Amino acid sequence: MTERCNSNHKSSVVSLGEKLPEREQRVEEIKNNYIEQFFVGLLEGVGTITTNLNSYKSIRVRFVIALKNEKNNHYMLNKIQNIIGGRVVIERKEKYVTWIASSKSEIKKVLLILARYPLLTVRKQCQLEFAKNCLLYKDAENFLLNRKNMYKNRNDLLKKLNNKIIIDLPFYFNPWLSGFLEAEGKFSLGFNDKGQLRNSTFNIGQKDDLHVLKMILFYFQSEKNI
């Protein structure tokens, strides 16, 4: 018997031939990797990467995911906190449960994860590059200059990616897509006048990132039009 964590072209395998402690360690590693990849998709869909100057003119970077304060969302963000770090808080009159990474060690951990599993949406890519630039050059003048140019290359990147023919997917696309669909996907049911189910649909939309929708179609081998 073998346990697998599937991706499109790579897989992690745990064999029963391994010693028990090694096998348990490998299973834990697979679970952690999955949550990290899921986290990247969720961050792309509903998260924010904020960079600002505080009153002392020092740079502050934060990664934030805010969801409705519901039991399952709380559970999900706690899972992310356990693996990635950060903190989970209830805010905005208890209407939202929010995961936040803001300390130096937390930011470093998230940056390492995003280096292993790169962001796929252009807007988030631009925000991340701006944040990394600000962390590298920690001065107010650089911050103000680069904030104006944060999305300077966005249209060129979108044009290049949106015209690209999809022939392969990132190895972490499966978990990434799960996280992204949590944020962006929508299930709909249609009923007739008698209350009988007429149709069911699932849809997901993007304002600019056509290449992401192409990747999702490719993944599902769907013939639907965008």
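Which residues have the most contacts inside the largest nonpolar core? The model is predicted: local features need pLDDT of at least 70, side-chain atom pairs count only at pLDDT 80 or more, and totals for chains, interfaces and linings use all residues. Residues are numbered from 1 along each chain as its sequence is written, and side-chain values use heavy atoms, with hydrogens and water left out.

**View 1. The largest nonpolar core.** This core has 46 residues, and F39, F63, L77, W99 and W176 have the most contacts inside it. A nonpolar core is a set of buried Ala, Val, Leu, Ile, Met, Phe, Trp, Tyr and Cys residues joined through side-chain atoms within 4.5 Å. Buried means under 20% relative accessible area, exposed over 50%, and partly exposed in between (1.4 Å probe, protein chains only). Among the elements that each supply at least two residues of the core are α1 (20-46), β4 (59-68) and α3. The largest share, 6 residues, comes from α1.

View 2. Helices (H or I, at least four residues) and strands (E, at least two) are DSSP runs, numbered from the N terminus. In α3, E106, I107, V110, I113 and L114 are buried. They lie on the same side of α3 because they cover an arc of only 125 degrees around the axis, taken from the directions from the helix axis to the C-beta atoms. The face turned away from this buried side carries the exposed residues K104, S105, K108 and A115.

**View 3. Strand β7 and F191.** F191 lies in strand β7 (residues 186-191). With a relative accessible area of 46%, F191 is partly exposed.
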